[in-house]
Amino acid sequence: MLRSAAAARRSGLTPAAGAADRTAPVTGARPDPIRPRVPRGARARAWAELLRLPALFTVPGDALAGAAAVAARPGPRTLLAIGSSLCLYEAGMALNDWADRDEDAAERPHRPLPSGRISPAAALAAAGACTAAGLALAARAGRPALAVAAPLAATVWAYDLVLKHTPAGPAAMAAARGLDLLLGAAATRGTPDAVRGALPAAALLGSHTLAVTAVSRRETTGGSTLAPLAALATTGALTLSLTRPRPAPTASASLPVPAARRGDPGHGSRRHPAGRGETATPGPPGTSAPPPGRTPGEPQDLLRTALGIGYAATAGRPYWHAVLHPSAQLTQRAVGGGIRATVPLQAALCARAGAPGSALLTAALAPLARRFAKKVSIT
């Protein structure tokens, strides 16, 4: 798709402007014949828009929910998984704009690439650098983490370059989110079987992402009620799953914990070791139990229910508006609501798995995301 005349004028690339640059006398620093000079502060803002920095607050909850799904305490390897996820997410953001630069020139000329504030080559280089950094951090977290990060990186690149505009696009995006949660589980637990234990949580998160991505395919044109209606139904089903009381874990349903690692907070269960004022919780190795002095179910059930309702309200209301009036503006709001709802969903998954601390930490990221979203455009 060719750059429109209006977009060319915005970026200073009209033929007249180019001819003037070539014929202007040299009186000092040579002007850039390709892109207008961008002040340093404006360039930093352009990179913030390209990388969609406010959306980064939806990423750490993936690793925390993955760790909670396998009853492992977050530790240094969890931080490495979060760093890897952030890098791979930013790689996808930069690569997305690079792949859509011609389309954005017609539909979103204000974006950093079509407006000339960032060059396509710089965006592609950033995508490659972020991918390499993400894989390096995953490798530091261990082989199980790298075994998940590699297909995650491949999915990100395949989505942006090939699958985005195909029927497989939403499924690829859902797979990327699910793999991101599995990355947190594999890194924190440090064993290959952690992936299997986190698959149910990854499926729930992937279902939400699938619904949001399906709605986003019509955000510039609108006119579709089917996608937001399906997303609304998905939100209702996920809310019921999150708020339904979860049965107590049994030995057969728990992941085995190697004897040499039971005392490692990054690998063991949530039981308190003996010698700290209380006796060790009885039960087979690998079973998880609530902290001493706490009645199972009551506070955590309230927290899980509250977070589930928060998730439903954040995603459901804009979806319903898009169903009633499927305009481009309301469809964009529905997409934004779905993205924001990712954080309470992650927090509810943590609470559902019996990790209230991780749930509250994840939920605290939501107001930060809203605050930064007011300062940096992500559309």
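Is Arg-52 buried or exposed?

1. Arg-52 counts as buried, because its relative accessibility is 12%. Buried means under 20% relative accessible area, exposed means over 50%, and partly exposed lies in between (1.4 Å probe, protein chains only). Arg-52 is not a glycine, yet its phi is positive, at about 50°. It is found in the loop between α3 (40-50) and α4. Helices here are DSSP runs (H or I, at least four residues), numbered from the N terminus.

2. A word on the source. This is a predicted model, in which local features need pLDDT of at least 70, side-chain atom pairs count only at pLDDT 80 or more, and totals for chains, interfaces and linings use all residues. Residues are numbered from 1 along each chain as its sequence is written, and side-chain values use heavy atoms, with hydrogens and water left out.

3. Next, helix α4. This helix covers residues 60-69. Of its 10 residues, 9 are buried, so α4 is largely enclosed by the rest of the structure. Among the buried ones are Pro-60, Asp-62, Leu-64 and Ala-68. Ala-71 follows the helix. Ala-71 sits in the loop between α4 and α5 (76-99). Its phi is near 55°, a positive value in a residue other than glycine. Ala-71 is buried too, with a relative accessible area of 16%.

4. Now the packing of α4 on α10. The two axes are 8 Å apart, at an angle of about 140°. Axes are lines fitted to C-alpha atoms, for helices over the stretch in contact, and angles run from 0 to 180 degrees between N-to-C directions. The two helices are therefore oblique to each other. Angles under 35 degrees count as roughly parallel, over 145 as roughly antiparallel, 65 to 115 as roughly perpendicular, and the rest as oblique. From α4, the contact uses Asp-62, Gly-66 and Ala-69; from α10, it uses Gly-197, Ala-198, Ala-201 and Leu-205. Contact means heavy atoms within 4.5 Å. By class, these residues are 4 nonpolar, 2 polar and 1 charged. Ala, Val, Leu, Ile, Met, Phe, Trp, Tyr, Cys and Pro count as nonpolar, Asp, Glu, Lys and Arg as charged, and the others, Gly among them, as polar.

5. What about the core? In soluble globular proteins, nonpolar side chains tend to be buried together. A nonpolar core is a set of buried Ala, Val, Leu, Ile, Met, Phe, Trp, Tyr and Cys residues joined through side-chain atoms within 4.5 Å. The largest one here has 56 residues, and Leu-181 and Leu-349 touch the most other members. Helix α10 (residues 194-216) gives the most to this core, with 9 residues. A second, separate core has 10 residues, including Ala-46 and Leu-113. Leu-349 touches Ala-65, Leu-181, Ala-201, Leu-204, Leu-205 and Leu-242, not counting residues up to four places away in sequence.

6. Last, Leu-365. This residue is found in helix α16 (residues 365-373). Leu-365 and Val-59 are 306 residues apart in sequence, but 9.8 Å apart in space, C-alpha to C-alpha.
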